[in-house]
Amino acid sequence: MGHRARAAAAVLVLFAGARVPLSGRDPAPRPNPLLTASEVERETGLHGLRRLSKRGGRPLSGVRFETSDGKPLLSVVVSDAVSYARWKGRRFRAAVAGVGDEAFSGPPRARRPEAVYFRKGDRSAALSAAVSGGEPRVHAKALERLARLVAARLP
């Protein structure tokens, strides 16, 4: 590769890694994800998690996290306050402090909490752990910490 080709390749690599496009205009701001795979990894102690927002090319109603071998781990669904009231009427187990305006764990008949539901203003969210062998794959305290992160980022 000649000197000019190497220089051109270096410029391309430099611009490919830049956050400002070649046009000189600032890129559109990316939405802040409510939860990242690295945050879920930190709270669960698992590694190699994937964050899915699409399956089969179609958008999901929320965000799902799965293990490196494709097993479901956690789902996050954002909705409205009406959904929160409906969830609370059917799934209430115990109140959870410090998450949004109000929160609870559920479902009521499970051996251990499998989900945290919260409301913040007119928005709500549900964080649900996948269950394996009758046990949630994400511990209740980790679900609560993750719910606090989502609540803090929910507009």
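Analyst: A salt bridge is a side-chain nitrogen of Lys or Arg within 4 Å of a carboxyl oxygen of Asp or Glu. The model discussed here is predicted.

User: Is Asp69 buried or exposed?

Analyst: A residue counts as exposed when its relative accessible area is over 50%. Asp69 has a relative accessibility of 52%, so Asp69 is exposed.

User: Which helix holds the residue that Arg153 meets in a salt bridge?

Analyst: Arg153 forms a salt bridge with Glu39, at 2.5 Å from N to O. The two residues are 114 residues apart, with Arg153 in helix 4 (residues 140–153). Glu39 lies in helix 2 (residues 37–44).

User: Is Glu39 buried or exposed?

Analyst: Buried means under 20% relative accessible area. The relative accessibility of Glu39 is 10%, so Glu39 is buried.

User: Which residues are linked with Asp101 in a network of salt bridges?

Analyst: Asp101 and Arg119 meet in a salt bridge of 3.3 Å, N to O. Asp101 lies in the loop between strand 4 (94–95) and strand 5 (102–106) and Arg119 in strand 6 (residues 115–120), so their pairing ties together parts 18 residues apart in sequence. The network links Asp101 with Lys88, Glu102 and Arg119.

Notes:
Residues numbered from 1 in each chain as written. Predicted model: local features only at pLDDT ≥ 70, side-chain atom pairs only at ≥ 80, totals over all residues. Heavy atoms only, no water. Helix = DSSP H or I, 4+ residues; strand = E, 2+ residues; numbered from the N terminus. Buried < 20%, exposed > 50% of the residue type's maximum accessible area, 1.4 Å probe, protein only.
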